[in-house]
Each structure stands twice: as structure tokens, then as C-alpha cells.
Amino acid sequence: MVDAMLRSEDCWAAVASFCEILTGHGCFGKYLHHTAGRESSPDCKQCGAPLDTAIHTLVECAAWGPQRHSLTQVVGPVDSLQGMVTAMLRSEDCWTAVASFCEAVMLQKEVAEREREEDALADPIRRRRTGRRLRMYAHLLPP
Ligand SMILES: [Zn+2]
């Protein structure tokens, strides 16, 4: 079942979003503040909670209530990352519901992050970087 679903190109955006939620490495205030150094605070930009994490996004954030409602209608209550993984392996419908939740929520979080990056009045830490890292490592790239 998983093999067939992963063959679909559309599936990869959902898989990438799922991986962001599973690892916490994505558009989460905690990650962007503590690890990536791209936010001045770890708060949730969607609801104002003091700490935006993957579990906050999956379980708590009021901004994703409609998406969470759609998810729980199919898989039942989800209160942990492990529960999300367990639910998605139950059936193809559950897989699709989890993938849809991850993709819809992370896409909206990424769009909001891009808007903050492009805001000329934003804290300089928020602005889109201009490729300093790429220039720094350009000599290591194949010609
Ligand atoms: Zn929130």
C-alpha cells in the first residue's frame, strides 16, 4: 500500500510535510528560533502560543482546528506524533487523511513564513537570505 502511494508525484509534497511534522524541522517557531536562527522568538505566529512545535501544530493550535477536525473525522483523536504515525498505517483512508492534514497545514505555515520574510519592515533576522551559504560553499560544487 505504501509503495503504491509513494509512486504518486503528488504524494511527495505530503511526505515532505509529514517529515517536517515528524521531525519538528520545518516552519515551527521553536525550530526557526532555536535551530535555524530565523525567528526572534519561538512563539506560534498563527495563534500566539508561546511555543510553536510540531505537537502544538498537530494537537493544540487553534488555527488548524478545521484541518484537525477533518483529520480526526477519519482517524479518530490524535494526541501525539506516534499516534499520527499509528493512525496513518491503519488504512489508505487514514494515510490520506494524515497526509492531507500535514500538507494543508505545512503549506499554509510556509506561505505565512514567506510573507514574513518578504516584509520589508520585518526584523532583519526574518528576511530572506541572499545565498551567503551557497556562495560560501560554491567551490565545493561540481563545475
Ligand atoms: Zn498555534
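Guide: The chain has eight helices and zero strands, where a helix is a DSSP run of H or I with at least four residues, a strand is a run of E with at least two, and numbering starts at the N terminus. The model is a predicted one: local features need pLDDT of at least 70, side-chain atom pairs count only at pLDDT 80 or more, and totals for chains, interfaces and linings use all residues. Residues are numbered from 1 along each chain as its sequence is written. Of the chain's 143 residues, 26% count as buried, meaning that 20 or more other C-beta atoms lie within 10 Å of the residue's own; 12 or fewer make a residue exposed, and in between it is partly exposed, with C-beta atoms placed from the backbone.

The part to look at is helix H7, with its packing partners. H7 covers residues 92–118. The helix has 27 residues and spans 38 Å from its first C-alpha to its last, close to the 39 Å expected at 1.5 Å a residue; that expected span is 1.5 Å times one less than the number of residues. Buried in H7 are Trp95, Ala97, Val98, Ala99, Phe101, Cys102, Val105, Met106 and Lys109. Alanine 112 also sits in H7, but alanine 112 is partly exposed, because 14 other C-beta atoms lie within 10 Å. Lysine 45 is 67 residues from alanine 112 in sequence, yet their C-alpha atoms are 8.5 Å apart in space.

Now for the partners. Two packed helices are described by the angle between their axes and the distance between the axes. The axes of H5 and H7 come within 9 Å and cross at roughly 170 degrees; axes are lines fitted to C-alpha atoms, for helices over the stretch in contact, and angles run from 0 to 180 degrees between N-to-C directions. H5 and H7 are therefore roughly antiparallel, the term for angles over 145 degrees; under 35 is roughly parallel, 65 to 115 roughly perpendicular, and the rest oblique. From H5 the contact uses Gln67, Ser70, Leu71, Val74 and Val75, and from H7 it uses Asp93, Cys94, Ala97, Val98, Phe101, Ala104 and Val105; contact means C-beta atoms, placed from the backbone, within 7 Å. By class, the contact of H5 with H7 has nine nonpolar, two polar and one charged residues. Nonpolar covers Ala, Val, Leu, Ile, Met, Phe, Trp, Tyr, Cys and Pro; charged covers Asp, Glu, Lys and Arg; the others, Gly among them, are polar.

H5 itself runs over residues 65–75, with Arg68, Leu71 and Val75 buried. These three cover an arc of only 60 degrees around the axis, so they are on the same side of H5; the arc is that of the directions from the helix axis to the C-beta atoms. The buried residues of H5 pack against H6 and H7. On the face of H5 turned away from the buried side are the exposed Gly65, Pro66, His69 and Gln73. Glycine 76 follows H5, with a positive phi near 85 degrees.

H6, residues 81–88, packs with H7 at an angle of about 135 degrees, and the axes are 7 Å apart. H6 and H7 are therefore oblique to each other. Met84, Ala87 and Met88 of H6 make the contact with Cys94, Trp95 and Val98 of H7. The residues in this contact of H6 with H7 are six nonpolar, no polar and no charged.

Technical notes. Contact = placed C-beta atoms within 7 Å.
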